[in-house]
Amino acid sequence: MSEPTSAPSTAYSRAGWLGLCALLGVPAMLLAPVPLSLPPTEWPPLAQALACQPALGWAQPLHSWWTSAWLHGSDAHRATNLGALLLLAIMGGLPALSRGAALAWFLAWPLTQMGLLLQPDPIASYAGLSGVLHAGLVVVSLHALAANHPRFPRWMAALLLLGVVAKLIMENPFAHRLVQPAGSDITVVPWVHLSGTVAGLLCALFTCLWRPSVSNTT
């Protein structure tokens, strides 16, 4: 006979999610912004070592698929992404998510940057957290859809997913390689938002559908 999710399991799921938020956010807070006005070859050595370089394909350090998410182009860029990360941390603290949610987001983290290799005419370098944030939002939404918890009902999760889809349609990543939003001091790469959304979708579906067999006795 199956039993409802236990309190320790819920605690583990929250701890895993919040730990991943810390792993994404703390290094981003500590690292200085990247001077995007300069070519990547003139960036500080640490930024060059951590940034992803999609134009090089697989001929780049393995760690760059993770570490590029810690870099930002300005203080305002970093503050915006860290604010969004805080909202995801709050949503992840709700009891609607299983332990698989943190795993899904962790898997989607490097896959988001790897998806830049599929962009037509890949960009020379990429730094930023926004693609991984899109992945996290999709993971939260799909796991909430599966759980349908009163504090995170399905209509709310569906609304979040529709918001992500609408944003991607407006950005049109197939037509716009780089975008400079009005009043922004950075350029945005719409393709990484698409890549993060797809990575989050695939990883969330995997963790929602896959369940290790656990024998429960009563």
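How does arginine 177 count at 33% relative accessibility: buried, partly exposed or exposed? Arginine 177 counts as partly exposed, where buried means under 20% relative accessible area, exposed over 50%, and partly exposed in between (1.4 Å probe, protein chains only). The model is a predicted one, so local features need pLDDT of at least 70 and side-chain atom pairs count only at pLDDT 80 or more, while totals for chains, interfaces and linings use all residues. Residues are numbered from 1 along each chain as its sequence is written, and side-chain values use heavy atoms, with hydrogens and water left out.

Arginine 177 pairs up with aspartate 121 in a salt bridge, at 3.5 Å from N to O; the term stands for a side-chain nitrogen of Lys or Arg within 4 Å of a carboxyl oxygen of Asp or Glu. This pair ties together distant parts of the chain, 56 residues apart: aspartate 121 sits in the loop between α5 and α6 (130-147), and arginine 177 in the loop between α7 (154-171) and α8 (190-209). Helices here are DSSP runs (H or I, at least four residues), numbered from the N terminus, and strands are runs of E (at least two). Aspartate 121, at 53% relative accessibility, counts as exposed.

The salt-bridge count comes to three. One of them joins arginine 78 to aspartate 75 at 2.8 Å, N to O, with both residues in helix α4 (residues 75-92) and three residues apart, about one turn. Arginine 78 is buried, at 15% relative accessibility. In α7, lysine 167 and glutamate 171 are four residues apart, again about one turn, and their closest N and O atoms are 2.6 Å apart. An α-helix has 3.6 residues a turn, so residues three or four places apart point the same way. Lysine 167 is partly exposed at 30%, whereas glutamate 171 is buried at 16%.

Helix α5 (residues 99-114) has a kink of about 30 degrees at alanine 108, shortly before proline 110; the bend is the angle between axes fitted to the seven residues ending at a residue and the seven starting there. Both Ala108 and Pro110 are buried, and other buried residues of α5 include Trp105 and Trp109.

As for the second largest pocket, 31 residues line it, among which His77, Ile186, Thr187, Val188 and Val189 lie nearest its centre. A pocket is an open set of points on a 1 Å grid over the protein atoms alone, where a 1.4 Å probe fits, with protein on both sides within 12 Å along at least five of seven lines; lining residues have an atom within 4 Å of a point. Helix α4 supplies the largest share of this lining, four residues.
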